[in-house]
Amino acid sequence: MKEINIDLKNNRFCSFKVIKEGDMDMIKKIVDLFKSTNNSKQISLDKTVRIQQAYIKEIRTRDLLNDNIELTEIPEVFQLLLSSDESIKLQAATVISNVLKSLSLTDLIKLDIIFRERTSYEWYYEWSNSNPIELLHPLMAKEEKFSILGLSSFHPSGYFREKAILALSDMNTGGAIPYILIRLNDWVRQVRIMSQKQIKRYLKPEYARDFVRNLHLVLRLKECSRDDHLEVVNSVISIISSEEGSNELINGLETDDPKLRLACYKIILQTKLMDTRTIIKNIMKDSNPFNRLFVLKNIKSEVTREDFLVLLK
């Protein structure tokens with residue numbers, strides 16, 4: 001890192017700390033822009049500060065536009081979607097899409113909390129009168145548009161979240177399910193009502209795989225107290241344990257996610273989808289000790305000596 005001084009005009013200088021290669025060209029562009037728009041013979045102290053602020057903002061924007069950002073930085077990337085610079089807007093959409101693909105359901109819940117901690121007043125835009133669709137761009141891929149609408153459902157503004165849930169549902173993809181499940185327990189009643197209405201569109205066997213993938217969020221609703229979610233939970237369980245959806249539930253036992261495997265076992269035990277011997281055969285292959293302990297503890301009263309002898313053969 002080195003410090004440089006740029007001669008603005010009339011022996012007035014502005015200092016910058018150059019961090020990366022290419023910063024020098026960017027600084028000169030910023031300074032030339034201010035010089036060209038300045039009608040006086042010298043740049044005022046206020047404009048000197050503004051040049052420094054523009055430089056800092058440019059550096060911060062560049063730091064945010066990569067796939068290695070922290071979870072807490074995602075709201076900042078989201079705000080870049082408001083940029084008048086098409087390139088920045090499209091890059092932000094790509095980053096958001098790539099990051100969301102790598103998040104677990106636990107991370108998704110954390111991200112919702114992070115967005116909630118940002119009040120609308122911290123965001124320099126009148127979000128309540130806007131629509132999430134306005135953040136989209138024709139050059140964005142469908143997956144990028146979907147990711148933006150998904151993040152919009154976490155927004156501090158209840159009006160914006162409600163519109164986001166509706167826009168997500170209109171895309172008719174099972175990818176909307178985790179976002180709707182989270183919003184079913186929204187702190188704003190109107191958002192909860194909208195989410196309840198939209199989740200009903202997905203309570204069909206064709207979305208069994210999506211519900212199994214998000215089973216952790218489904219069962220989490222039992223612990224949420226802002227509304228009675230039992231009807232939704234029971235409807236999902238009915239779908240994934242039905243003849244059309246049970247294969248997806250059983251396939252869930254093969255996933256790499258131990259939390260998902262445990263959630264699948266809970267439903268299998270509740271619905272008695274498997275006999276005791278089949279359950280034991282599967283759980284003995286599970287690499288997670290907590291999962292094995294949970295299942296064996298819940299079936300111990302049903303296990304016979306013959307069950308174990310058959311399995312040992």
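Reader: Is lysine 272 buried or exposed, and how should I read such a label?

Author: The label rests on relative accessible area, where buried means under 20%, exposed over 50%, and partly exposed in between, with a 1.4 Å probe and protein chains only. Lysine 272 has 59% relative accessibility and therefore counts as exposed. Keep in mind that this is a predicted model, in which local features need pLDDT of at least 70 and side-chain atom pairs count only at pLDDT 80 or more, while totals for chains, interfaces and linings use all residues. Residues are numbered from 1 along each chain as its sequence is written, and side-chain values use heavy atoms, with hydrogens and water left out.

Reader: Where does lysine 272 lie, and what is its phi?

Author: Helices here are DSSP runs of H or I with at least four residues, strands are runs of E with at least two, and both are numbered from the N terminus. Lysine 272 sits in the loop between α14 (258-271) and α15 (276-283), and its phi is near 55°, a positive value in a residue other than glycine. Asparagine 172, which is not a glycine, has a positive phi of about 50°; this asparagine lies in the loop between α7 and α8 (177-183) and, with 52% relative accessibility, counts as exposed.

Reader: How many helices and strands does the chain have, and what percentage of its residues count as buried?

Author: The chain has 17 helices and 2 strands, and 46% of its 313 residues count as buried.

Reader: At what angle do α14 and helix α16 pack, and how is that angle read?

Author: Axes are lines fitted to C-alpha atoms, for helices over the stretch in contact, and the angles between N-to-C directions run from 0 to 180 degrees. Angles under 35 degrees count as roughly parallel, over 145 as roughly antiparallel, 65 to 115 as roughly perpendicular, and the rest as oblique. α14 and helix α16 (residues 289-299) pack at about 10°, with their axes 10 Å apart, and are therefore roughly parallel to each other. Contact means heavy atoms within 4.5 Å, and among the residues that make this one are Leu262, Tyr265 and Leu269 of α14 and Phe290, Phe294 and Ile299 of α16. The residues of the contact divide into 8 nonpolar, 2 polar and 2 charged, where Ala, Val, Leu, Ile, Met, Phe, Trp, Tyr, Cys and Pro count as nonpolar, Asp, Glu, Lys and Arg as charged, and the others, Gly among them, as polar.

Reader: How do helix α7 and helix α9 pack?

Author: Helix α7 (residues 158-169) and helix α9 (residues 189-199) pack at an angle of about 5°, with their axes 9 Å apart, which makes α7 roughly parallel to α9. The residues of this contact divide into 4 nonpolar, 5 polar and 2 charged.

Reader: Which side chain does aspartate 112 join in a polar contact?

Author: A polar contact is a pair of N or O atoms within 3.5 Å; within protein, one must be able to donate a hydrogen and the other to accept it, and residues adjacent in sequence count only if both atoms are side-chain atoms. The side chains of aspartate 112 and arginine 183 are joined by such a contact of 3.1 Å. Aspartate 112 is placed in helix α5 (residues 105-116), and at 4% relative accessibility this aspartate counts as buried. Apart from neighbours within four places in sequence, aspartate 112 is in contact with Phe154, Ile182 and Arg183.
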